[in-house]
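Q: I would like a close look at a single part of this chain. Please keep it brisk and connected.

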Amino acid sequence: MNKKDNSIDYSKIVRIAKELPEYAIYGFTDGSAINDPRTAGAGIFITGNLPNVDNHIDIHISVGLGPGDNNFGEMVALLMCLTIFSGIREDVPHIIFSDSLTCICYLTSNWKSPTLPHVSWGTRK
């Protein structure tokens, strides 16, 4: 996908989803906003199995963010997930699922986020 062509290779997404590793950490992110006064929120669910560990990981977090739009909520959710991922073992894959084209393209296609630079910058760090 590139900035001029927003087409998505869904076959690649399906292949990845069907070939998930047995041992991995998965993060699911979502953001939202309610119209008037546009109160934003962010939520994440992190789950997974680690080799040689009896514990299964399940983390649920949701937060109200105050004034903001949906993209703000999406980007904060991504940042929360990445922050938690940074403290989890590095010897297993860390996979994030997001429905936000803005977040995905910001990280993978060098899109700019002029309205959310303080939050966006944190996700690239």
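Which residues does I44 touch, not counting residues up to four places away in sequence?

A: A word on the source: this is a predicted model. With residues up to four places away in sequence left out, I44 touches F28, T29, I59, H60, I61, A77, M80, C81 and I84.

I44 also belongs to the largest nonpolar core, which has 15 residues. Within that core, I25, I44, I46, I57 and F85 touch the most other members. Two elements give two or more residues to this core: β2 (39–49) and α2. The most comes from α2, with 6 residues. In soluble globular proteins, nonpolar side chains tend to be buried together.

Helix α2 spans residues 70–85 and also holds E74. E74 is buried, yet has no salt bridge. The nearest side chain of opposite charge is R38, 11 Å away. The E74 side chain does reach the backbone nitrogen of G31, at 3.3 Å. Neighbours within four places in sequence aside, E74 is in contact with D30, G31, S98, D99, S100 and C103.

Now the wider setting. The chain has 4 helices and 4 strands. From the N terminus on, the order is α-β-β-β-α-β-α-α. Of its 125 residues, 32% count as buried. Among contacts with a separation of 6 or more, 59% join residues 24 or more positions apart. The chain exposes about 8,000 Å², and carbon and sulfur atoms supply 55% of that area.

Definitions and conventions: Residues are numbered from 1 along each chain as its sequence is written. This is a predicted model: local features need pLDDT of at least 70, side-chain atom pairs count only at pLDDT 80 or more; totals for chains, interfaces and linings use all residues. Side-chain values use heavy atoms; hydrogens and water are left out. Buried means under 20% relative accessible area, exposed over 50%, partly exposed in between (1.4 Å probe, protein chains only). Lys and Arg count as positive and Asp and Glu as negative; His and the chain ends are not counted. A salt bridge is a side-chain nitrogen of Lys or Arg within 4 Å of a carboxyl oxygen of Asp or Glu. A polar contact is a pair of N or O atoms within 3.5 Å; within protein, one must be able to donate a hydrogen and the other to accept it, and residues adjacent in sequence count only if both atoms are side-chain atoms. Contact means heavy atoms within 4.5 Å. A nonpolar core is a set of buried Ala, Val, Leu, Ile, Met, Phe, Trp, Tyr and Cys residues joined through side-chain atoms within 4.5 Å. Accessible areas come from the Shrake-Rupley method with a 1.4 Å probe; for residues, only the protein chains shown count as cover.
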